[in-house]
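Work through the exercises below with the sequence and the coordinates at hand. Each task is followed by a solution in steps.

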Amino acid sequence: MANQATSPLFQPLKLGRIELANRMVMAPLTRNRAGEGNVPGDMTIEYYAQRASVGLIVAEATQVSAQAQGYVSTPGVHTPEQIAGWRKVTDAVHQRGGRIFVQLWHTGRMSHTAFQPEEKAPVAPSAIAAKAKTYIPGVGYTDTSVPRALETAEIAGIVNDFRTAARHAIEAGFDGVEIHGAHGYLIDAFLRDGSNHRTDQYGGSIENRARFLLEVMQAVTEEIGADRVGIRISPVSPVNDSSESQPQPLFEYVVRELNKIKPVYIHVVEGATGGPRDNAPFDYEALRRLYDGVWMLNNGYTQEMAEAALKDGRGELVSFGRLMISNPDLPRRFRENAPLAPLFADAPLYGGVGPHGYTDYPALAA
Ligand code: 8OZ
């Protein structure tokens, strides 16, 4: 493995208005640790501060509105308390010299009436349930609810929720936002023909199915500046019952249009999220050639894979998920070829009480 002088992982990178110390990114990771009111709590401050040595943290998926929630104890950024809670997180990361974006999501059909205001049906492009589960406290893993198809006239309001959430994220001290356009959540569900059977201007053709994503990106970049907005996509991930008959032309269209809006990065989950990287054929390099900005690679990268990808110019940044949970000082471990810690076998990835499995993964001794 390359040492610090030669490793492309340890080259700084200008990302819009900020400079990243290295090419390593902490991927957004749902941990279901928010407190009362879906406010990030004190342990969350410590958790992110411990991980501030990566070039960029992308904080976990965060609701743009109450309706956007689909899982227990995920944080929001739509109430004053949530914004104040995040401010403590961003201050702590900045004090340690780190940089932090937040991922903004609307879960769409990946929700349950139990999480919805007035226990109404979740919203989606079409009234087609995802064959997928969410976790309800006291009940356990439960099928997501049959969603209600959004009226055409309602869509602008959700675009506006993303816009407002982006402004709130900046108020909370984030360096920028990542729009969650992946994993079967609302934006991705609009993109794909498996979940979008609409007959209005938001369904049918690729151009129509991409309209919601592009309207969200237009609104959010207008609000806070394209140099503070990234987006994540997962072209062939089947996670959360996602399906699409023609992913290559769909995502080529999306990236070509994004190249006009010029978000500061595109974050691509290659293959099946957290699983095989070759589950379906897809030409990522063809996608990357359509985009002039920063490309962020993800899914199962090791240090060697990341260095090779950066060296070959397949991207400028690489994000790490599970490795960042168990190795808060991952950049140092890569630099020093130090052993990598595995995840604790006895601690949940999602939820849990107390520090175990969250803030008690040790850094190497000084
Ligand atoms: C795992 C569990 C719940 C949500 C994603 C935000 O897949 C998630 C998520 C992952 O993007």
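**Exercise 1. Aromatic pairs**

Task: State how many aromatic pairs the structure holds, and list the residues that form one aromatic cluster.

Solution. Step 1: in this predicted model, the count of aromatic pairs is 15. Step 2: one cluster is made up of Tyr47, Tyr48, Trp86, Phe174 and Tyr358.

**Exercise 2. The largest cavity**

Task: Find the volume and the lining of the largest cavity, then sort the lining residues by class.

Solution. Step 1: one cavity of 30 Å³ or more is counted. Step 2: the volume of the largest cavity is about 30 Å³. Step 3: its lining consists of Arg33, Ala34, Pro40, Thr44, Glu60, Pro75, Trp86 and Tyr358. Step 4: these lining residues comprise five nonpolar, one polar and two charged.

**Exercise 3. The ligand site**

Task: Locate the ligand, describe its shell, and identify polar contacts with histidine side chains.

Solution. Step 1: the largest pocket holds the ligand. Step 2: around the ligand are Thr30, Ala61, Tyr71, Trp105, His180, His183, Tyr185 and Tyr350. Step 3: by class, the shell has five nonpolar residues, three polar and no charged. Step 4: the cut-off for a polar contact is 3.5 Å between N or O atoms. A polar side-chain atom of His180 is 2.7 Å from a ligand oxygen atom, and an N or O atom in the His183 side chain lies 2.7 Å from an oxygen atom of the ligand. Step 5: on its own the ligand has 300 Å² of accessible area, of which the protein covers 80%.

Notes. Residues numbered from 1 in each chain as written. Predicted model: local features only at pLDDT ≥ 70, side-chain atom pairs only at ≥ 80, totals over all residues. Heavy atoms only, no water. Near = heavy atom within 4 Å. Polar contact = N/O pair within 3.5 Å; in protein donor to acceptor, adjacent residues only side chain to side chain. Areas by Shrake-Rupley, 256 points an atom, 1.4 Å probe, with all protein chains shown as cover. 1 Å grid on protein atoms, 1.4 Å probe; cavity = no way out; pocket = protein on both sides within 12 Å on 5 of 7 lines; lining within 4 Å. Sits in = over half its atoms within 2 Å of the grid points. Nonpolar A, V, L, I, M, F, W, Y, C, P; charged D, E, K, R; others polar. Phe/Tyr/Trp six-rings, centres within 6.5 Å; stacked < 30°, edge-to-face > 60°. Points joined across faces, edges and corners; volume = space filled by probe spheres on them.
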